[in-house]
Amino acid sequence: MRKKTHMHDITPESIEKKIVFHGEVFPDNPNRKFEREEFPPPPEPQRDIDVVIIGGGAGGLTAAYRLRDCNMLLLEALPQLGGNSMYCEWEGVPFSLGGQYIGVPGTWADSAWDLCRELNLHPEKDDSPLTVAFPGDVQVQNPYSARGFLRMPLPWRVKRDILRFYFFDMPRIDIEARKDELDQISFSEFLKKYSPEFRDWYELLAKPYPNTEDASAYYAITSAREGDYAEDKGICSFPGGLALINKTLQDKVEEAGPGRMLTGAFVYSVRHDANGRVLATYWRDGKIFTVRARAAIVNAESNIAMKILHDIPEDLKVAMGRMRRFSYPTFHFCSHQPIYRRGYRVGVMGCTIQAVTVPDWFCRHLGAGRPNILSCFNKMSLKDVDTVKNKEHMVRMTARVLTELDMRFTDMAAKVEAIHVFLRTRNYCIPYPGYITSVFPTLGRPFGNVFFANAEYLNPVSHFPDAVTAGNQAAAAVRKLLQQ
Ligand SMILES: Cc1cc2nc3c(=O)[nH]c(=O)nc-3n(C[C@H](O)[C@H](O)[C@H](O)COP(=O)(O)OP(=O)(O)OC[C@H]3O[C@@H](n4cnc5c(N)ncnc54)[C@H](O)[C@@H]3O)c2cc1C
């Protein structure tokens with residue numbers, strides 16, 4: 001344990017020039033235009049193709065890769081492909097603006113492992129200790145081991161509740177028998193029987209979703225029974241995080257036929273014509289285009305998809321409209337001087353952000369002189385989702401995150417040279433009370449010649465491998481249709 005000696009004065013003005021925004025970049029982007037209903041009626045189709053893919057996240061890119069021999073077009077609204085796992089580099093160190101790691105083979109990530117093998121990518125197991133950073137530069141390694149648990153600077157009564165919660169109460173709940181009942185209440189409601197200090201601890205550190213109030217008790221208990229962040233079987237990644245997979249898919253599709261993936265192309269209308277073909281209309285650089293395709297794969301997230309799909313069945317539309325989504329901005333602090341070098345994953349206690357990863361951990365071959373990057377993740381509560389649209393607010397949030405981290409990592413603020421901030425509004429789905437039993441089962445059903453390929457339809461809390469599976473499944477269905 002080291003003690004902090006000096007704190008820096010960090011203001012929004014002092015860091016603004018260091019910030020580069022990615023994703024829904026300011027001052028405007030087509031998503032805002034769409035919200036303001038500024039697009040004209042769709043024109044007649046100018047072009048015929050086999051398949052149009054709407055969205056260039058992992059699901060869309062996987063589908064494009066599988067269908068790269070077809071006459072296809074992928075349309076991505078944002079200036080860069082990758083969706084929730086966009087690729088970025090700073091001074092030779094690649095990192096992901098979103099998705100970071102997958103589970104070891106045989107756990108929750110097999111579809112991603114299969115794809116990696118095919119793409120000749122080799123995820124490496126992270127053998128560094130999971131660490132929790134407390135204020136005052138106190139870092140405790142392996143908090144879920146007996147030694148780490150004892151070293152955590154928490155009152156004994158909180159530790160007693162943690163043990164009771166994980167080892168006594170959680171294993172005893174008959175989760176499947178009580179599924180309907182537990183899915184109707186929030187996890188904060190369920191936690192009322194524990195001490196306030198324990199609830200604070202759980203809120204600040206343990207939960208893998210924005211807050212216990214927004215999460216279904218059924219989902220949260222399932223997660224707690226699996227150990228929340230303990231994930232003792234381990235995780236794997238590589239330089240560039242999961243964005244490297246998206247970048248490689250993108251390269252392969254480009255190799256197979258250049259110019260078939262357009263960025264900055266916002267699709268605002270998708271409908272079937274009288275012959276069952278799909279007409280997709282998009283806005284790009286102030287111009288409007290319509291393509292006619294035999295099939296469409298919709299990778300766009302549900303809150304947008306439900307508005308652009310004009311002949312979607314009512315039950316699907318209602319279910320998609322009932323999904324709730326939070327914003328999940330990330331902050332990547334870059335420096336030539338080491339900030340944190342003792343491992344890859346760091347939980348952060350009592351901070352705006354909930355977790356830190358260290359992408360350069362997987363670039364150790366670059367030696368001790370390599371640039372250091374701390375990637376920080378903020379699962380925002382549902383009520384705050386729209387604040388990511390406000391640039392001043394996000395600059396202030398970046399300053400706050402840096403201030404909080406400066407209290408945990410010695411002299412961090414003085415070292416930071418560049419800050420990459422990734423923003424998307426409502427880019428992550430939350431299993432709120434009632435969602436798993438009454439909304440989730442309806443989602444993702446294809447209709448007409450429209451197929452869905454987004455991770456959120458396969459898993460209430462979606463992960464990268466779900467997007468790969470969704471892309472594989474949609475591509476297989478389209479392939480079958482094209483062969484008829
Ligand atoms: C910060 C963060 C960290 C994460 N960490 C992990 C992790 O460590 N491990 C893990 O397994 N998973 C992680 N995930 C989850 C994982 O990244 C996602 O599940 C996965 O990337 C989702 O891919 P997708 O293709 O289903 O959706 P998305 O990535 O959301 O792709 C949808 C795409 O559609 C585009 N689009 C939307 N509307 C339109 C339109 N009208 N026209 C054209 N295009 C449109 C969007 O811009 C976007 O590019 C993380 C996610 C985030 C945000």
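**Exercise 1. Find which residues Val-267 touches in this predicted model, leaving out residues up to four places away in sequence, and decide whether Val-267 is buried or exposed.**

Solution. 
Step 1. Apart from residues up to four places away in sequence, Val-267 touches Ile-54, Leu-75, Ala-280, Thr-281, Tyr-282 and Ile-308.
Step 2. Val-267 itself sits in strand E12, which covers residues 266-272.
Step 3. The relative accessible area of Val-267 is 5%. Buried means under 20%, so Val-267 is buried.
Step 4. The unreviewed UniProt entry lists Val-267 under "binding site", together with Glu-76, Ala-77 and Glu-456.

**Exercise 2. Place Ala-77 in the chain and state how accessible Ala-77 is.**

Solution. 
Step 1. Ala-77 lies in the loop that joins strand E3 (72-75) and strand E4 (87-90).
Step 2. The relative accessibility of Ala-77 is 16%. The cut-off for buried is under 20%, therefore Ala-77 counts as buried.
Step 3. With residues up to four places away in sequence left out, the contacts of Ala-77 are Pro-30, Asn-31, Gly-264, Ala-265 and Phe-266.
Step 4. Ala-77 is also one of the positions that the unreviewed UniProt entry gives for "binding site".

**Exercise 3. Describe the second largest pocket by its volume and its lining.**

Solution. 
Step 1. The volume of the second largest pocket is about 310 Å³.
Step 2. This pocket is lined by 20 residues, and those closest to its centre are Cys-351, Thr-352, Gln-354, Asn-378 and Lys-379.
Step 3. Helix H9 (196-206) and helix H14 (391-406) are the elements that give two or more residues to the lining. H14 gives the most, with three residues.
Step 4. Sorted by class, the lining of the second largest pocket has seven nonpolar, eight polar and five charged residues.
Step 5. Domain 1 and domain 3 each supply at least three residues to the lining of this pocket.

**Exercise 4. State how many cavities of 30 Å³ or more the structure has, and describe the lining of the largest cavity.**

Solution. 
Step 1. Rolling a probe the size of a water molecule over the atoms shows where empty space is left.
Step 2. The largest cavity has a volume of about 50 Å³.
Step 3. Its lining includes Pro-94, Phe-95, Ser-96, Gln-100, Tyr-344 and Phe-362.
Step 4. Strand E5 (residues 93-96) provides the largest share of this lining, three residues.
Step 5. By class, six residues of the lining of the largest cavity are nonpolar, five are polar and none is charged.

**Exercise 5. Give the phi values of Glu-91 and Arg-426 and locate both residues.**

Solution. 
Step 1. Glu-91 is not a glycine, yet its phi is positive, near 50 degrees. Glu-91 lies in the loop between E4 and E5.
Step 2. Arg-426, also not a glycine, has a positive phi of about 55 degrees. Arg-426 is in the loop between strand E20 (418-423) and strand E21 (428-430).
Step 3. Arg-426 counts as partly exposed because its relative accessibility is 25%.

Definitions and conventions: Residues numbered from 1 in each chain as written. Predicted model: local features only at pLDDT ≥ 70, side-chain atom pairs only at ≥ 80, totals over all residues. Heavy atoms only, no water. 1 Å grid on protein atoms, 1.4 Å probe; cavity = no way out; pocket = protein on both sides within 12 Å on 5 of 7 lines; lining within 4 Å. Points joined across faces, edges and corners; volume = space filled by probe spheres on them. Helix = DSSP H or I, 4+ residues; strand = E, 2+ residues; numbered from the N terminus. Nonpolar A, V, L, I, M, F, W, Y, C, P; charged D, E, K, R; others polar. Domains from an automatic or database assignment. UniProt positions renumbered as here; feature names shortened; annotations may be inferred. Buried < 20%, exposed > 50% of the residue type's maximum accessible area, 1.4 Å probe, protein only. Contact = heavy atoms within 4.5 Å.
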